[in-house]
Amino acid sequence: MIEVSRLSKRYGAKTAVDDVSFTVRPGTVTGFLGPNGAGKSTTLRVLLGLDHPTSGTALIDGRPYRDLSHPLRKVGALLDGAGPVPERRAIDHLTWIAQSNRIPRSRVREVLDLVGLGDAAKQRVKKYSLGMGQRLGIAAALLGDPEILVLDEPVNGLDPDGIRWVRTFLREFAASGRTVLLSSHLMAEMAETADEAVVIAQGRIVARGSIEEITEGHASLETAFFALTGGQVGW
Amino acid sequence: MSAVFAATRAELTKIVTLRTVWIVTGVILALHLLVSYANVGINIEAVRAITPDGMIELFADDPQPANRAIVDFLVASSFQMGLFLPGLGAVIAGQEFRTPQLGQTLLAVPRRGRLIVAKTVAATVYLLFVAVVVAGVSTAFMYAAVRDWNPGLLVSPGAWVGQGKFVAFAVLTGLISFAITVIARSTLTGVAVTVGLIAVTMTQLLAVFSPALDALFPLSAGRNLLLNPVENTLSAGPGHAMVVLVAWPLVTTVVAAFLLARRDAR
């Protein structure tokens, strides 16, 4: 369970996240929607202990992320701004992550094979395509076989096969009683993947509920999104 | 403790799987081999010419007692390469900041205090390894010069103490650069500050005007610790030097830990 309560984050005079509250329940895929600069990534970074909140709390099973003893066994995360050194080999990148949380080394090979990078494991990350880099990020998130996944734009750069794989995987992951918080710009993809959604605009939550509740009265999730966010385009 | 050990092991893996670290290490060791090779012939000739009363001229027209001069030369040859080890400390720390790796690191080890301990221990282990190799290379080349005269000199207490001081100096100054890079969040800044500290010592300008102030700089402290006061003008004694050399990494690491804990991981 993820619980974000009255969370605010300011950078100087700029308020990035303003009094945000929502809950993500186990057994569901929850979409986190908003234009660029709406506060999605900041919220996720605070939730995962990378940034400090100005006020409020963001808890995972009732505890701050940084209080988890082996955090990667509880939460797997893919975030923009948290990735490998390009000159390091993919297998080495995953090996140090596994060692840090006492995850068996055999799991490194397992996740590389799972995301289709088994044959490219010994390549340096700088030789990876955008899609391969994204697959490596997903592999890192899955390394600890976590109960909770927090993914920021996981299908960026993936080919159609990869997108379908992520969608199917996340549905099965949630169906097994685990928790998924998924941020994405792709409304059609989100409509097919998520059970529930939280919509954020200009740092504030503007809607939350099931996908059906949010799209009610609109032709699609996309039209609902633009209606809720005031048609903001986050370039 | 097991969590700190796991984090330290992960940090060591990061260090030894980073190609830049091996390139910088290779350049330092290659340079040391080159300089040592260039000196070995001169040293062999000088040892052959040791006078019956035990005097040697490692430098022309500068006769000195052979035992002391050879140990001093041994330590000084390690010391000159030790000046490059802070660069290695900056490269090790800087990998987090020239790429988005810091975010990944904090996802894996979110407790900043635990992370800085793990990072510092891992960097210490690697710097120790390189410093010991540098000392070993110095010893091997000096052995080629003294093997027919007094090979036991290289494992005498004086030689052990001298090389031990060098290793301590190399690791401690490497950690200073490591911590400054974490504070500045930039490899380039870490290297630039280190070069500045080296320049203060190598130019000896401060030592001329204010020896007491010069003695507070880490590379000057290294000089004061390792070089022979009979042959060199030093700004403080070895005890003072050791305090300065320990205080610098201690203070800079505490500041680095404080800032790592306070700042967002950006």
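Me: What share of the contacts in chain B with a separation of 6 or more comes from residues 24 or more positions apart?
Reply: In this predicted model, residues 24 or more positions apart make up 72% of those contacts in chain B. Two residues are in contact if their C-beta atoms, placed from the backbone, lie within 7 Å.

Me: Which conventions apply to numbering and confidence?
Reply: Residues are numbered from 1 along each chain as its sequence is written, while chains are lettered from A and ligands numbered from 1 in the order in which they are written. The model is predicted, with local features needing pLDDT of at least 70 and side-chain atom pairs counting only at pLDDT 80 or more, whereas totals for chains, interfaces and linings use all residues.

Me: How does chain B score, then?
Reply: Chain B averages a pLDDT of 92, and 100% of the residues score at least 70; pLDDT is the predictor's confidence in each residue, from 0 to 100. Among the elements of chain B, helix α6 (residues 112-146) has the highest mean, 96, and helix α9 (residues 205-209) the lowest, 84. The model as such has ipTM 0.93 and pTM 0.91.

Me: How many helices and strands does chain B have?
Reply: Chain B has twelve helices and two strands. Helices (H or I, at least four residues) and strands (E, at least two) are DSSP runs, numbered from the N terminus. The order from the N terminus on is α-α-β-β-α-α-α-α-α-α-α-α-α-α.

Me: Why does the radius of gyration of chain B agree with a compact globule?
Reply: Chain B has 20 Å, which agrees because a compact globule with 266 residues would have a radius of gyration near 18 Å. The radius is taken over C-alpha atoms, and the globule rule is 2.2 Å times the number of residues to the power 0.38. Along the principal axes, the C-alpha atoms of chain B fill a box of roughly 65 × 40 × 30 Å.

Me: Is Glu172(A) buried or exposed?
Reply: Glu172(A) counts as exposed because it has 10 C-beta neighbours inside 10 Å. Glu172(A) is found in helix α6 (residues 160-175) of chain A.

Me: Changing topic: how many residues does each chain bring to the contact?
Reply: Chain A brings 29 residues and chain B 25 residues. On the side of chain A that touches chain B, α3(A) gives the most, with six residues.

Me: And which strands pair with β1(A)?
Reply: Strand β1 (residues 2-11) of chain A pairs with strand β2 (residues 14-24) of chain A in the antiparallel sense over seven bridges; two strands pair if DSSP finds at least two bridges between them. Glu3(A) stands opposite Thr23(A) in β2(A). Five bridges also join β1(A) to strand β4 (residues 55-60) of chain A, again antiparallel, and Ser55(A) in β4(A) is the bridge partner of Ser8(A).

Technical notes. Buried ≥ 20, exposed ≤ 12 C-beta atoms within 10 Å, placed from the backbone.
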